[in-house]
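Here's a quick tour of a protein chain, with a closer look at a couple of its helices. Have a glance at the fold before reading on.

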Amino acid sequence: MDRINTSGPRKLREALQSKKCLIGPGVFDGVSTKVATSVGFDFLYMAGSGATGSAIGMPDLSVMTATEFAKVSEIVAQNTHLPVIADADTGFGGPVNVRRTIQLYEHAGVAGCHIEDQVFPKRCGQLKGKDVVDLQVFLERIRSAVEARTDPDFVIIARTDARNAKAFGGDQASREAFDEGVRRLKAAMEAGADIAFMESPRTKEEMQILVKELAPHPVLINVLPNGLTGNLTTAECNELGFAAAIYPCTGFIPSMLAMQESYRGLKEEGSDLKYCKDNTIVHFFEQLGLNDDMGFDDKIDSWSKAEVQHESQEPEA
């Protein structure tokens, strides 16, 4: 497999030309990336929530830095041939900070990223108490990202959290908050963003209106288990007209639950054998590309032996 993912932006843009909703599960490290890639999806999503939990063991409360996010994104991009969309939070500051964030993400090999209008420090879009900056600041973030990219195919996704922001009523927000979110996304598209992303529209009716209002621009939907948007299937996302859907929790919540079970099993039962389901460490390595790596090692070994043998047979001058 090609370890240098340089064609991600172009692949993602080409895929967005299709009439179907692209599906991207959340990944957060090398193992989750390898597993998701082997299953096969349209793209992978480097989820900020999963990356923050996995990399530094903390909730998604804007405690990860741009460089830390970029490093996780690089690990993901190096371990898949699929396009990678990465969470870029608020862009991590003002225009110059956003510019550097885009530079880091481009060098990391991701296909695109989303930048949101939350205040800093932000928090996971599913949590209460979040708020948004004014429209001018949001547009500055988006325009900074657009002008910073060096690859014109790099995809800029504008995300608004206005639907559930404190300024518009929080979890009691009315239709006014939804309308404000639509207004912000339209402005972000005018500023040069490629995809619109409203965090947590609450009903299918809102989703249909959102897609219609943003047309012809593609719209992305974020689906979390028992989240604010509801448990949409991939088929429903397609029927609603979304261009892409991310499922951030597909990897890290099941992984956490499995680890809780196996660690508890070792402590209480004295063995982890049952929880490994007859798999050995070799099976684990094979999932990560052991056969390919060993084959490369053998190839170089054979070449070097042949080269040395050839040199030893050369007559002395």
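Predicted model: local features only at pLDDT ≥ 70, side-chain atom pairs only at ≥ 80, totals over all residues.

Residues are numbered from 1 along each chain as its sequence is written, and side-chain values use heavy atoms, with hydrogens and water left out.

**The whole chain**

The protein chain has 13 helices and eight strands; these are DSSP runs numbered from the N terminus, with helices being H or I of at least four residues and strands E of at least two. Its C-alpha trace spans about 85 × 60 × 35 Å along the principal axes. Of the 317 residues, 46% are buried, where buried means under 20% relative accessible area, exposed means over 50%, and partly exposed is in between (1.4 Å probe, protein chains only). Take the contacts (heavy atoms within 4.5 Å) between residues at least 6 apart in sequence: 70% of them join residues at least 24 apart.

**Two helices side by side**

The expected span here is 1.5 Å times one less than the number of residues.

| Helix | Residues | Length | Span, first to last C-alpha | Expected span |
|---|---|---|---|---|
| Helix 5 | 95-108 | 14 residues | 20 Å | 20 Å |
| Helix 7 | 175-190 | 16 residues | 23 Å | 22 Å |

**Helix 5**

Which residues of helix 5 are buried? They are Val98, Thr101, Ile102, Tyr105, Glu106 and Ala108. These residues sit on the same side of helix 5 because they cover an arc of only 155° around the axis, taking the directions from the helix axis to the C-beta atoms. Val96 and His107, on the other side of helix 5, are exposed. As for partners, the buried residues of helix 5 pack against helix 4 (66-78), strand 3 (84-87), strand 4 (112-116), helix 6 and strand 5. After helix 5 comes Gly109, with a positive phi near 100°.

**Helix 7**

Helix 7 has its own buried set: Ala177, Phe178, Glu180, Gly181, Val182, Arg184, Leu185, Ala187, Ala188 and Met189. What do they pack against? The buried residues of helix 7 pack against helix 6 (135-148), strand 5 (155-160), strand 6 (195-198) and helix 8 (204-214). Gly192 follows helix 7, and its phi is positive, near 115°.
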